[in-house]
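I opened the model to look through its pocket and its helix packing. My notes follow in the order I made them.

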Amino acid sequence: MARVSKQQMERNREAIERVSSQLFRERGLNGVSVNDLMAAVGLTHGGFYGHFASKDELAAVASRRAAEESGQRWETLSGQPGKHTLQTLVDNYLDVKHRDCPAEGCMVTALAGDVAREGADKPVHQAYLSGAKAMLARLESLSPSEDEQQRHQQALVQMAMLVGALTLARATRGDELSEQFLDAARQALLPKGAE
């Protein structure tokens with residue numbers, strides 16, 4: 001059997017990380033097997049262990065990658081003139097497209113239930129926690145409050161509402177209740193006159 005070059009190994013690992021990040025967000029950590037991941041990349045199951053010691057290790061790597069992608073999307077969006085606002089974040093987060101495409105969306109919402117069931121001793125827990133803290137920091141940066149404690153408390157409430165509304169909207173997709181969750185959260189987070 002021919003050996004794979006170092007460059008090809010790096011390309012393979014990159015593909016595994018990219019695809020697993022999407023598949024885990026779309027199907028959940030336990031909804032994707034190593035076989036599924038490798039088949040989606042076009043590689044064999046046996047090649048997986050040349051890159052990762054376990055699926056747990058990959059789940060942490062893929063979660064970190066998803067969090068970084070979310071941060072990059074926000075940087076690009078909020079870097080536009082007049083877009084570094086709570087309204088921009090809320091409008092994009094509570095969008096029907098975000099609801100319908102978890103594979104490309106926020107890992108904080110997509111993996112919350114799975115990470116809660118995994119336990120704090122799993123590598124994905126720390127990766128998830130870092131991603132959640134990064135999202136919280138983004139929300140804090142949008143607050144006009146001078147009081148650090150008040151900014152933090154406000155961001156906690158906003159994040160809980162964003163993640164909760166999106167989770168419920170995904171769970172009720174196909175019913176009018178789904179969009180009602182998104183709209184109600186949007187209205188609560190951006191009351192008229194405060195936008």
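Predicted model: local features only at pLDDT ≥ 70, side-chain atom pairs only at ≥ 80, totals over all residues.

Next I looked up where the lining comes from. Five helices, namely α3, α4 (86-93), α5 (96-100), α6 (107-110) and α8, each give at least two residues. The largest share is from α3, with 5 residues.

**Helix α4.** I checked which residues of α4 are buried. I noted L86, T88, L89, V90 and Y93. What covers the buried residues of α4? I find that the cover includes α3, α5, α6 and α8. It also includes α9 (148-171) and α10 (176-189).

**α3 against α8.** I took helix α3 (residues 55-78) with helix α8 (residues 123-141). Their axes lie 7 Å apart, at an angle of about 10 degrees. Angles under 35 degrees count as roughly parallel, so I logged α3 and α8 as roughly parallel to each other. On the α3 side I listed D56, A59, A60, S63, R64, A67, S70, G71 and W74. On the α8 side I listed P123, V124, A127, G131 and R138. By class, this contact has 7 nonpolar, 4 polar and 3 charged residues.

**α1 against α3.** I turned to helix α1 (residues 6-27). Its axis comes within 8 Å of the α3 axis, and the two cross at roughly 80 degrees. The range for roughly perpendicular is 65 to 115 degrees, so α1 and α3 go down as roughly perpendicular to each other. From α1 I noted R13, E14, I16, E17, R18, S20, S21, F24 and R25. From α3 I noted K55, L58, A59, V61, A62, R65, A66, E69 and R73. This contact divides into 7 nonpolar, 2 polar and 9 charged residues.

**Whole chain.** I finished with the totals. The protein chain has 10 helices and 0 strands. Its C-alpha trace spans about 70 × 40 × 35 Å along the principal axes. Of the 195 residues, 42% count as buried. I also looked at contacts with a separation of 6 or more, and residues 24 or more positions apart account for 65% of them.

How values were computed: Residues numbered from 1 in each chain as written. Heavy atoms only, no water. Axes fitted to C-alpha atoms, helices over the stretch in contact; angles between N-to-C directions. Helix = DSSP H or I, 4+ residues; strand = E, 2+ residues; numbered from the N terminus. Parallel < 35°, antiparallel > 145°, perpendicular 65-115°, else oblique. Contact = heavy atoms within 4.5 Å. Nonpolar A, V, L, I, M, F, W, Y, C, P; charged D, E, K, R; others polar. Buried < 20%, exposed > 50% of the residue type's maximum accessible area, 1.4 Å probe, protein only.
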